[in-house]
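Please look through the model below, beginning with the chain as a whole and then turning to its charged side-chain pairs.

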Amino acid sequence: MAAFFFSRKTPNWRSAAALGLKVQVRSVINADDDTVVSVSERDCGDPGCGGALTIVLVMHPRRPTEAFKIDKPLEQVTQSDLTDALAPLVAQAGLSELSPKPK
């Protein structure tokens with residue numbers, strides 16, 4: 001199976017969406033300065049999946065990198081999607097409370 005990636009030349013709106021999601025991810029997981037967050041989008045490569053996926057990578061210096069997939073293009077990901085996807089990481093880290101979901 002071939003993976004399809006978007007080209008390196010990313011439109012400004014896509015970069016802005018990814019940057020906004022990174023800020024939201026850092027807030028949800030209460031990231032410290034050593035934590036690196038990466039947000040990207042890629043085609044799932046399966047005709048049945050319906051399109052693009054948003055991939056969130058959370059990298060800590062003393063822990064394995066953790067990856068989270070959200071079955072939406074990055075411009076459609078909401079705060080609620082991030083909170084739901086990152087809930088296992090927040091629970092694992094022992095954070096007592098997730099960021100509130102938007103109403």
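**Burial, fold and salt bridges**

Of the 103 residues in the chain, 33% are buried, a term that means under 20% relative accessible area, with exposed set at over 50% and partly exposed in between (1.4 Å probe, protein chains only). This is a predicted model, in which local features need pLDDT of at least 70 and side-chain atom pairs count only at pLDDT 80 or more, while totals for chains, interfaces and linings use all residues. Residues are numbered from 1 along each chain as its sequence is written, and side-chain values use heavy atoms, leaving out hydrogens and water.

The chain holds 2 helices and 4 strands, arranged along the sequence as β-α-β-β-β-α; helices (H or I, at least four residues) and strands (E, at least two) are DSSP runs numbered from the N terminus.

The whole structure contains 2 salt bridges, each defined as a side-chain nitrogen of Lys or Arg within 4 Å of a carboxyl oxygen of Asp or Glu. In one of them, Glu41 pairs with Arg14, with the closest N and O atoms 2.2 Å apart. Because Glu41 lies in strand 2 (residues 36-43) and Arg14 in helix 1 (residues 12-29), this pair ties together parts that are 27 residues apart in sequence. Glu41 is buried at 11% relative accessible area, and Arg14 is also buried, at 15%.

Another salt bridge joins the side chains of Asp81 and Lys72 at 2.8 Å, N to O. Asp81, which lies in helix 2 (residues 79-93), is buried at 17% relative accessibility, whereas Lys72 is partly exposed at 28%. Leaving aside residues up to four places away in sequence, Asp81 touches Ile70, Lys72 and Gln76, where contact means heavy atoms within 4.5 Å.
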